[in-house]
Amino acid sequence: MTANAARALPAPSLHLHEDDGAALSPNLLAGLSDEEYAQVLAVSSVQHHAAGATVFQQGDHHDGIFIILAGQVRSYYTGPSGREITLAYWSPGNFVGGPEIFGGSPHMWSGQAIRPTQVLHVRGRELRQLLDRLPRLTLALVEALVHKGKAYSALIHMLGTRSAAERLAQLLLLMANLDGRRTADGIAISRTLTQEDLAKMVGSTRQWVTTTLERFREQGMVDVTPTRILIRDEERLRRFAG
């Protein structure tokens, strides 16, 4: 995918929230003219990250933001015990590296490339200068920060008010809405996330996810294979999720 292609795409994200609809964040680059985009490129650096590579690390010095041009980035927090909680998966058009967009303090969480990923790193000083000159970029960044604030608030609400099983059911519905394919048997979701990945999103363990998916299967709500999750009874799963 080219950088220009990323400018034309919607900017979906995957994170826990109560609405089944896809979570679309403002695309930072979509509203820029070619001249404005050239100004962003002129003061930024393009970085390429292999799948599994760290884009930024919790606790490291913070300086600016990373705009995703291609691939996908997982943001996650690591607790003192080493346990991880996934905050969200971000796609092209989104930025990662907040909330200190201008830098000056340590990163509060980490970012990891989930597949081969290309990002545009805009350092804090240059970002501040761009925002002084480009009102459309400023507005898009404010809207993106609002979206992220809502996303992380929704995650807190889900962790605090829903059982782990309800959170898993809701996550499956969100994945179906974002990447699902309707078939004669139900909604098929390709297994891009492992059971360990699902556990890190709902705040549980891989073993618990395995057991709960089996319980969902016995109740006729899903089928699970090594390559896909099939939602057989969407309405029942939605009622279970609350």
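These are my notebook entries on a few features I looked up in this structure.

**Entry 1: the model and its annotated spans**

I am working from a predicted model. I began with the UniProt record, an unreviewed entry. It carries the annotation "domain: Cyclic nucleotide-binding" over residues 28-148. I checked the make-up of that span and found 27% helix and 32% strand. The end C-alpha atoms of residues 28-148 lie 13 Å apart.

The unreviewed UniProt entry also places "domain: HTH crp-type" at residues 162-235. Here I found 53% helix and 20% strand. The end C-alpha atoms of residues 162-235 are 18 Å apart.

**Entry 2: the sheet around β10**

Next I traced an open sheet. Four strands form it, in the order β3-β10-β5-β8, and the pairing is antiparallel. The edge strands are β3 and β8 (95-96), and each of them pairs on one side only.

I then followed β10, residues 117-122. On one side, β3 (residues 45-49) pairs with β10 over five bridges, in the antiparallel sense. I noted V46 of the model standing opposite L120 in β10. Strand β5 (residues 65-70) also pairs with β10 in the antiparallel sense, again over five bridges. I picked out two facing pairs here. I68 stands opposite V119 in β10, and A70 stands opposite Q118.

How many of the residues of β10 are buried? I counted six of six, so the strand is mostly covered, with buried meaning under 20% relative accessible area.

Which way do the β10 side chains point? T117, V119 and H121 point one way. Q118, L120 and V122 point the other way. Both sets are buried. In a regular strand, side chains alternate between the two faces of the sheet.

**Entry 3: two single residues**

I looked up S75 next. S75 sits in strand β6, residues 73-78. Is S75 buried or exposed? S75 has 1% relative accessibility, so I logged S75 as buried. I also took a C-alpha to C-alpha distance from S75 to V55. The two are 20 residues apart in sequence and 9.6 Å apart in space.

L28 was the other one. I found L28 in the loop between β2 (23-25) and α2 (34-42). L28 counts as buried because its relative accessibility is 2%. From L28 to L173 the sequence separation is 145 residues, and the C-alpha atoms are 27 Å apart.

**Entry 4: the largest pocket**

I finished with the largest pocket. About 300 Å³ of space lies in it. Its lining has 16 residues. Which of them lie nearest the centre? I listed Q72, R115, L178, D179 and T192.

I sorted the lining by residue class. Nine residues are nonpolar, five are polar and two are charged.

Then I asked which elements supply the lining. β1 (11-14), α5 (164-179) and β12 (186-190) each give at least two residues. The largest share, three residues, comes from α5.

Where does the largest pocket lie relative to the domains? Domain 1 (34-161) and domain 2 (164-241) both give residues to the lining, so I placed the pocket between them.

Technical notes:
Residues numbered from 1 in each chain as written. Predicted model: local features only at pLDDT ≥ 70, side-chain atom pairs only at ≥ 80, totals over all residues. Heavy atoms only, no water. 1 Å grid on protein atoms, 1.4 Å probe; cavity = no way out; pocket = protein on both sides within 12 Å on 5 of 7 lines; lining within 4 Å. Points joined across faces, edges and corners; volume = space filled by probe spheres on them. Nonpolar A, V, L, I, M, F, W, Y, C, P; charged D, E, K, R; others polar. Domains from an automatic or database assignment. Buried < 20%, exposed > 50% of the residue type's maximum accessible area, 1.4 Å probe, protein only. Pairing = 2+ DSSP bridges. UniProt positions renumbered as here; feature names shortened; annotations may be inferred.
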